[in-house]
Amino acid sequence: MSEASQAGEGTGPASAAVRTVPLSRGLSTKLLLLTIVFVLLAEVLIFLPWIASYRLSWLKERLSTAAAVSIVLVQGESTSLSRTAQNDVLMAIGAKAIAVRDGGVSRLLVVADMPPQVDEHIDLASVGMVKGMTGALDTLFFGGDRMLRVFGPVGDSDKEFELIMPDYSLRKAMLIYSRNVAFVSLLISLFTAMLVYAAIDLIMIGPIRTMTRSMLSFSEAPDDPGRIIRPAARSDEIGVAERELSQMQERLQKMLAEQKHLADLGLAVSKINHDMRNILASAQLMSDRLRLIKDPTVQAFAPKLLRALDRAVSYSEGVLHYGRTQEPPPSRRRVRLRQLVEDVHGLLDIEQGIEFINAVEMAFEVDADSDQLFRVLTNLCRNSVQAMAADTESAVVRRLAVSAERMGSVSRIAVTDTGPGLPPKARENLFAAFRGSARSGGTGLGLAIAHELIRAHGGTVELVESIGGRTTFAVTIPDQPVRLDQARGSLRRPA
């Protein structure tokens with residue numbers, strides 16, 4: 001079984017390869033190997049002062065033995081020892097000669113075979129850490145056939161003792177010591193790696209493996225609530241990651257459900273769109289005949305009716321486009337806003353008792369797509385009318401006002417009503433389709449469509465305030481930027 005085991009069967013070899021991690025490449029194997037390597041590296045760094053200290057201790061021990069022999073010989077006569085006895089003493093400590101320096105006078109006490117030259121002089125009293133480590137490495141890798149002169153004081157004695165000896169025995173002892181240290185270091189690194197692996201696997205790798213399996217399982221059936229990870233009660237980074245993953249999976253499920261709802265809506269609209277356009281086309285033909293009637297009232301309402309039918313045809317197609325996320329880009333022109341607001345007023349089904357105020361100045365112009373801005377204002381005004389229609393008390397003021405102001409190159413349109421205000425759920429999901437509806441049975445598509453259309457203009461739709469008796473939405477639309485080359489070209493053209 002792999003480190004991140006499969007959550008289900010793949011669709012083929014490539015899928016299985018992606019969803020399966022071999023044991024040799026799993027996090028646990030990498031963690032174990034890295035721990036062993038790092039512990040061994042630490043042991044190597046510790047080994048350098050160890051081997052240097054071992055070399056100095058070994059030399060000091062030999063020099064101390066030579067000092068003890070020297071004291072005996074100094075008190076007596078060195079010639080009292082036979083050649084055989086001298087050789088036995090030197091062989092016992094592995095030396096070629098022993099000397100002592102007292103008061104600036106050096107005296108050779110025992111000598112077996114004086115070497116022709118000395119390769120290295122070692123003053124045990126002045127060997128520092130760095131010099132000791134470099135000397136130990138030099139002996140360990142390149143020694144074995146050198147002659148050493150080791151000297152220095154021993155204990156509290158004021159005499160300085162000297163020892164001439166080969167480094168063969170020293171190097172052999174250092175190799176044995178290094179082998180033992182390497183063996184112990186390997187055991188320590190393995191033991192440490194197992195402890196670290198067990199602890200980290202329990203604290204980190206195990207939860208990460210669980211999250212990996214949850215993500216693989218969730219990807220197979222994202223609409224199944226049972227595939228959402230259940231976070232543990234942890235306060236560390238893993239606990240935060242599990243809770244965030246759980247919340248992300250929940251949000252993704254809701255988003256997929258909404259997308260499916262939109263897809264179903266688009267399919268339903270596409271089925272009825274053909275019949276709807278036929279019905280509206282028939283209505284347009286019949287409305288054309290109204291122009292032949294000479295009644296002034298009919299003549300006044302006939303153009304409005306034709307425009308409403310034209311917009312109804314475009315709206316049916318626009319709803320289909322929204323379901324397919326294919327809203328056309330705005331075709332921006334200079335629009336007289338007051339006239340557009342009057343057209344919105346004429347289309348609204350305002351019952352008696354609701355007052356409509358068009359507070360836009362006659363000369364006010366906005367740079368926008370007239371059809372799309374008409375849809376935005378219609379949705380906002382219709383929402384206000386429906387909110388105020390629920391008030392049945394005759395004494396309650398029910399007023400809808402549309403005003404506008406310009407701030408530099410930015411137009412700001414305000415839609416204000418005296419309705420009951422938006423509920424908290426609608427304010428939290430204001431521009432989310434199917435969640436931002438302010439009334440029971442609503443879809444919330446009106447504000448979602450308005451937000452999308454104004455955003456395509458580079459502007460914003462925002463809820464300024466919503467309290468009992470006053471709700472204000474503000475539509476902000478900046479003017480189109482003028483390209484510098486076009487502006488220069490227009491100025492150069494002759495009048």
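User: Is Q372 buried or exposed?
Analyst: The model is predicted, so local features need pLDDT of at least 70, side-chain atom pairs count only at pLDDT 80 or more, and totals for chains, interfaces and linings use all residues. Residues are numbered from 1 along each chain as its sequence is written, and side-chain values use heavy atoms, with hydrogens and water left out. Because its relative accessible area is 5%, Q372 is buried.

User: Which residues does Q372 touch, not counting those up to four places away in sequence?
Analyst: Contact means heavy atoms within 4.5 Å. On that criterion, and with residues up to four places away left aside, Q372 touches P328, P329, P330, L453 and H457.

User: How many salt bridges does the structure hold?
Analyst: A salt bridge requires a side-chain nitrogen of Lys or Arg within 4 Å of a carboxyl oxygen of Asp or Glu. One of them joins R146 and D138, with the closest N and O atoms 2.2 Å apart. The total for the structure is 13.

User: How many residues apart in sequence are the parts that D479 and R406 tie together?
Analyst: D479 forms a salt bridge with R406, at 2.8 Å between the closest N and O atoms. D479 lies in the loop between β12 (470–478) and α12 (484–492) and R406 in strand β9 (residues 399–407), so the parts tied together are separated in sequence by 73 residues.

Conventions:
Buried < 20%, exposed > 50% of the residue type's maximum accessible area, 1.4 Å probe, protein only. Helix = DSSP H or I, 4+ residues; strand = E, 2+ residues; numbered from the N terminus.
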